[in-house]
Amino acid sequence: MFQSKNNNTIGSILGPEIEIDGDLKVKGNLIVYGKVYGNIISKGDVNTAPNSFVQGNIIADSASVNGEVEGNLDINQKVVLGTTSKLSGDLKASIITIEEGAQFDGVCKMIGKQESGSNVTKINAVNS
């Protein structure tokens with residue numbers, strides 16, 4: 001388990017040897033090193049490490065993706081697609097950072113605190 005710097009909640013770590021077939025609901029933060037075949041719902045931060053794999057949607061306050069995700073991201077605050085990330089799915093967040101080297105194929109929707117008049121952009125960004 002780890003403790004977040006932003007708040008004093010304790011989170012969970014799924015090690016590289018762990019493979020989960022089913023949905024996960026987490027009250028705190030989550031770091032994924034292994035494989036998840038199901039949706040992840042978190043009231044905290046979700047971080048996926050390089051070489052991790054998620055086949056399902058991720059719903060969280062914030063997220064940092066560095067592994068592969070086949071599903072949609074529905075993030076309340078900030079999402080970062082890191083240099084080793086591969087996202088095949090739609091992305092919705094208030095703040096979106098896509099680093100050089102990230103692979104993203106889906107629709108990007110930036111939201112404010114209220115969902116009025118948000119912009120939708122189709123992005124097919126694949127760097128080799």
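An open sheet of 6 strands, ordered 1-4-7-10-13-16 and paired in parallel, is present in the predicted model. Strands, like helices, are DSSP runs numbered from the N terminus (strands: E, at least two residues; helices: H or I, at least four), and two strands pair if DSSP finds at least two bridges between them. Strands of a sheet pair through backbone hydrogen bonds, either parallel or antiparallel. Strand 1 and strand 16 (95-98) are the edge strands, each pairing on one side only. On average, neighbouring strands of this sheet are turned by 10° against each other, direction ignored; axes are lines fitted to C-alpha atoms (for helices over the stretch in contact), with angles from 0 to 180 degrees between N-to-C directions.

Residues are numbered from 1 along each chain as its sequence is written. As the model is predicted, local features need pLDDT of at least 70 and side-chain atom pairs count only at pLDDT 80 or more, whereas totals for chains, interfaces and linings use all residues; side-chain values use heavy atoms, with hydrogens and water left out.

Within the sheet, strand 7 (residues 45-48) pairs with strand 10 in the parallel sense over 4 bridges, and Asn 47 stands opposite Ser 64 in strand 10. Strand 10 in turn pairs with strand 13 in the parallel sense over 3 bridges; here Ala 63 faces Val 79 in strand 13. Strand 13 (residues 78-81) and strand 16 are joined in the parallel sense over 4 bridges, with Val 80 opposite Thr 97 in strand 16.

The largest nonpolar core comprises 25 residues, and those with the most contacts inside it are Ile 40, Ile 58, Leu 73, Ile 75, Val 79, Leu 81 and Leu 91. Such a core is a set of buried Ala, Val, Leu, Ile, Met, Phe, Trp, Tyr and Cys residues joined through side-chain atoms within 4.5 Å. Among the elements giving two or more residues to this core are strand 10 (62-65), strand 13, strand 15 (91-93) and strand 17 (103-110). Leu 91 touches Leu 73, Val 79, Leu 81, Ile 96, Phe 104, Val 107, Cys 108 and Lys 109, residues up to four places away in sequence not being counted; a contact means heavy atoms within 4.5 Å.

A search of the whole structure finds 1 aromatic pair. Tyr 37 and Phe 53 form this tilted pair, at 5.7 Å centre to centre and 55° between the planes. Rings of Phe, Tyr and Trp (its six-membered ring) pair if their centres lie within 6.5 Å, and planes under 30 degrees apart count as stacked, over 60 as edge-to-face and the rest as tilted. The pair links distant parts of the chain, with Tyr 37 in strand 5 (residues 35-37) and Phe 53 in strand 8 (residues 53-55), 16 residues apart. Tyr 37 is partly exposed at 27% relative accessible area, whereas Phe 53 is buried at 14% (buried, under 20%; exposed, over 50%; partly exposed, in between; 1.4 Å probe, protein chains only).

Two loop residues were also examined. Ile 18, in the loop between strand 1 (12-14) and strand 2 (19-21), is partly exposed at 31% relative accessibility and touches Gly 34 and Lys 35, not counting residues up to four places away in sequence. Asn 51 lies in the loop between strand 7 and strand 8 and is exposed, with a relative accessible area of 75%. Phi of Asn 51 is near 75°, a positive value in a residue other than glycine.
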